[in-house]
Amino acid sequence: MGEQFVLLISAAIFCVGTAGFVIRKNPLIMFMSVELMLNSVNFLLVTYSSFLNSLDGQIFALMIMAVAAAEVVVGLAIILTIFRTRHDMDVDHIDVLKG
Amino acid sequence: MLEIATVFDFTRDAVIFAVGVTAVLASLGVILCSSPIYSALYLIGHMICLALLFLLYNAEFLAVVQIIVYAGAVMILFLFIIALLGGKKEVQENSFHRSIAITFVFILLGELCLSATVGPTKQVQGEIPADLFGTAKAIGLELFSKHLVAFELASGLLLVAAVGVICLAKFSFAPLRRRVR
């Protein structure tokens, strides 16, 4: 399959992730949308590393996976801490820092 | 009589098309389900589709890492948190902000599709032999020779994340009170 199809699939997944991040209010689903965006970029890096016959893209994708794992762990811990103190899962209600 | 290579290429293209469309549909399922548990299940399906695509594009090591790290570790963590917090359904209402957000997303999609039709990119000549491409051996050679600093920094990042999570989980904070004006 050509480069065009790969680019379109990746753009579609990225936009779905963006849409999920901006329209959902559950922080867990927002995190899943961020995962979708990271995954679409990973897919593009891997396919282009195959097209261009160079392994740098796959190494970059591996680094993105490490960063995503760290980000998910810290984010879920923060969500858990917020839920423990507030018992509320709506991101619109968390506005203490707004002053 | 068809050539065997033509049949093979056609089958490969058809499989890539089917798996790619399935990945997009699964990602739509992630954001359209109102219950978080269904979103997590759709996300697992999406990860598995992406791992299949990685396999089809000669990245077998990354496909295995995708299955183990994402579909295994990260999604199990998500499912644990959902089980702990209770998967409450959220009500979807249409508002002005929401329509602005959806317009923004469609503009983004249009821009990305436009930039996808620019034309062929510049080909670089890789030096990896074809039979070694994407295997754990090739990745390891590349990682420990050219990208050693980035690899060590990634291990430092993971260590910092682990320490941060322990700090967040161990010390319990007093409930925040809303400031009275």
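Okay, so let's start with N58(B), which is partly exposed because 19 other C-beta atoms lie within 10 Å. The cut-offs here go like this: 20 or more other C-beta atoms within 10 Å of a residue's own means buried, 12 or fewer means exposed, and anything in between is partly exposed, with the C-beta atoms placed from the backbone. Before I go on, this is a predicted model, so local features need pLDDT of at least 70, side-chain atom pairs count only at pLDDT 80 or more, and totals for chains, interfaces and linings use all residues. Residues are numbered from 1 along each chain as its sequence is written, while chains are lettered from A and ligands numbered from 1 in the order in which they are written.

Back to N58(B). Where do we find N58(B)? In the loop between α2 and α3 of chain B. When I say helix or strand, I mean a DSSP run (H or I, at least four residues, for helices; E, at least two, for strands), numbered from the N terminus. N58(B) has a positive phi of about 60°, although it is not a glycine. For background, most residues other than glycine have a negative phi.

Phi of N53(A) is positive, near 60°, and N53(A) is not a glycine either. N53(A) sits in the loop between α2 and α3 of chain A. Buried, exposed or in between: how does N53(A) count? It counts as partly exposed, because it has 16 C-beta neighbours inside 10 Å.

Now step back along chain B to α2(B), the helix that N58(B) follows. The expected span of a helix is 1.5 Å times one less than its number of residues. For the 21 residues of α2(B) that should give 30 Å, and the end C-alpha atoms are 30 Å apart, so the two agree. P36(B) is in this helix. P36(B) counts as buried, because it has 26 C-beta neighbours inside 10 Å. Look at K88(B) as well: it is 52 residues from P36(B) along the chain, yet their C-alpha atoms are separated by 7.4 Å.

Next helix, α3(B). It has 26 residues and reaches 36 Å from first C-alpha to last, close to the expected 38 Å. Where is the kink in α3(B) centred? On M75(B), and the kink is about 30°. That bend is the angle between axes fitted to the seven residues ending at a residue and the seven starting there. The buried residues of α3(B) include L62(B), Y70(B), V74(B) and F78(B). What do the buried residues of α3(B) pack against? Against α2 of chain B, and also against α2 (27-52) and α3 (56-86) of chain A. After α3(B) comes G86(B), with a positive phi near 80°.

That brings us to how the chains meet. Two residues are in contact if their C-beta atoms, placed from the backbone, lie within 7 Å. By that rule, 63 residues of chain B touch 59 residues of chain A. On the chain B side, α1 (4-32), α2 (36-56), α3 (60-85), α4 (96-116), α5 (136-145) and α6 (148-170) each supply at least two residues. The largest share of that side, 10 residues, comes from α1(B). What kinds of residues are on that side of chain B? They divide into 48 nonpolar, 9 polar and 6 charged. In that count, Ala, Val, Leu, Ile, Met, Phe, Trp, Tyr, Cys and Pro are nonpolar, Asp, Glu, Lys and Arg are charged, and the others, Gly among them, are polar.

Last, each chain as a whole. Chain B has 6 helices and 0 strands. Buried residues make up 19% of its 181 residues. Among contacts in chain B between residues at least 6 apart in sequence, 59% join residues at least 24 apart. The domain assignment, which is automatic or from a database, gives chain B domain 1 (10-87) and domain 2 (135-172). The centres of those domains, taken over C-alpha atoms, are 23 Å apart.

Chain A has 3 helices and 0 strands. Its radius of gyration is 17 Å, well over the 13 Å that the globule rule gives for 99 residues, so chain A is more spread out than a compact globule. That radius is taken over C-alpha atoms, and the rule is 2.2 Å times the number of residues to the power 0.38. Along its principal axes, the C-alpha trace of chain A spans about 50 × 25 × 20 Å. Buried residues make up 45% of the 99 residues in chain A.
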